[in-house]
Amino acid sequence: VIRDPVRDDSTLASPAHPAMVQGAADFAAAVAARYANHPRVRGYIIAEEFGLPAVWPPTNYYGIDFAPAMRDAYHAYLAQKYVTIGALNTAWGHPGRYAAFIEVLWQMGWAHDPTNYRGEWLDYYLCLQEVFAEFFNEMARAIHTADPDAVVMTSDFLTTNNRVGHG
């Protein structure tokens, strides 16, 4: 795991980090190219469980990604979804809490305080699902480039976010 030198509680091994996405796609393409004509390999399951286990720190829970790349993806997701910070504050039920999207940072304990942080918690996980969907889609595209006949399957996404599909 490569840690961010500024923030030890984050990692560059994030599914939101472009290098991680490219590395996973390159690996998937190499595997698919190697087994493209193998009679016993019909397809690939690229995600059976949601999340990556090695997100720093080791005491992390719920697969929370504290990496700067995920933080930036979260802010972009919020800005796209709510357009204005006022709309976000209103939707989350606490007008005036945030003055800018960049102030919304994942905090330990959000998931344990659904009354006070339900919007933050829900939108973080919806954003994380989008990030993982794109991460796995890049792998699927790489597999299909190396082996156009391969079946690619993933699971554990909301149906609105699952762009790879089952089968």
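Rings of Phe, Tyr and Trp (its six-membered ring) pair if their centres lie within 6.5 Å; planes under 30 degrees apart count as stacked, over 60 as edge-to-face and the rest as tilted. By this rule the count comes to eight aromatic pairs. The model is a predicted one, in which local features need pLDDT of at least 70, side-chain atom pairs count only at pLDDT 80 or more, and totals for chains, interfaces and linings use all residues. Residues are numbered from 1 along each chain as its sequence is written, and side-chain values use heavy atoms, with hydrogens and water left out.

Start with the aromatic pairs. A pair of aromatic rings is described by the distance of the centres and the angle of the planes. Tyr-74 and Tyr-124 are edge-to-face, with 5.6 Å centre to centre and 75° between the planes. This pair links distant parts of the chain: Tyr-74 sits in helix α2, Tyr-124 in helix α4 (residues 114-146), and 50 residues separate them. Helices here are DSSP runs (H or I, at least four residues), as are strands (E, at least two), numbered from the N terminus. Tyr-74 is buried at 2% relative accessible area, and Tyr-124 is buried at 2% as well. Buried means under 20% relative accessible area, exposed over 50%, and partly exposed in between (1.4 Å probe, protein chains only). Trp-92 and Tyr-98 form another edge-to-face pair, at 6.1 Å centre to centre and 80° between the planes. Trp-92 is buried at 3%; Tyr-98 is buried at 11%. One aromatic cluster is formed by Tyr-74, Trp-121, Tyr-124 and Tyr-125.

Now step back to the whole chain. The protein has four helices and two strands. Along the sequence they follow the pattern α-β-α-α-α-β. The protein has 167 residues, and 40% of them count as buried. Its accessible surface comes to about 9300 Å², with 59% belonging to carbon and sulfur atoms. Accessible areas come from the Shrake-Rupley method with a 1.4 Å probe; for residues, only the protein chains shown count as cover. Among contacts between residues at least 6 apart in sequence, 64% join residues at least 24 apart. Contact means heavy atoms within 4.5 Å.

Helix α1 comes next. It runs over residues 18-34, 17 residues in total. At 1.5 Å a residue it should span 24 Å, and its end C-alpha atoms are 24 Å apart, which agrees. The expected span is 1.5 Å times one less than the number of residues. In α1, Val-21, Ala-24, Ala-25, Ala-28 and Ala-32 are buried. They cover an arc of only 100° around the axis, so they lie on the same side of α1. The arc is that of the directions from the helix axis to the C-beta atoms. An α-helix has 3.6 residues a turn, so residues three or four places apart point the same way. On the other side of α1, Ala-19, Phe-27 and Arg-34 are exposed.

His-75 is buried, at 9% relative accessible area. Not counting residues up to four places away in sequence, His-75 touches Phe-101, Ile-102, Val-104 and Leu-105. Most residues other than glycine have a negative phi. Val-83 is not a glycine, yet its phi is positive, at about 65°. Val-83 counts as exposed, at 62% relative accessibility.

Finally, the charged side chains. Side chains of opposite charge can pair when their charged atoms come close. A salt bridge is a side-chain nitrogen of Lys or Arg within 4 Å of a carboxyl oxygen of Asp or Glu. A search of the whole structure finds five salt bridges. In one of them, the side chains of Lys-81 and Asp-123 meet at 2.6 Å, N to O. This pair links distant parts of the chain: Lys-81 in helix α2 and Asp-123 in helix α4, 42 residues apart. Lys-81 is partly exposed at 41%, whereas Asp-123 is buried at 2%.

Glu-134, Glu-138 and Arg-141 are linked in a network of salt bridges. The closest N and O atoms of Glu-134 and Arg-141 are 2.6 Å apart. The side chains of Arg-141 and Glu-138 also meet at 2.6 Å, N to O. Arg-141 and Glu-138 are three residues apart in helix α4, so about one helical turn separates them. Glu-134 is partly exposed at 33%, Glu-138 at 27% and Arg-141 at 41%.
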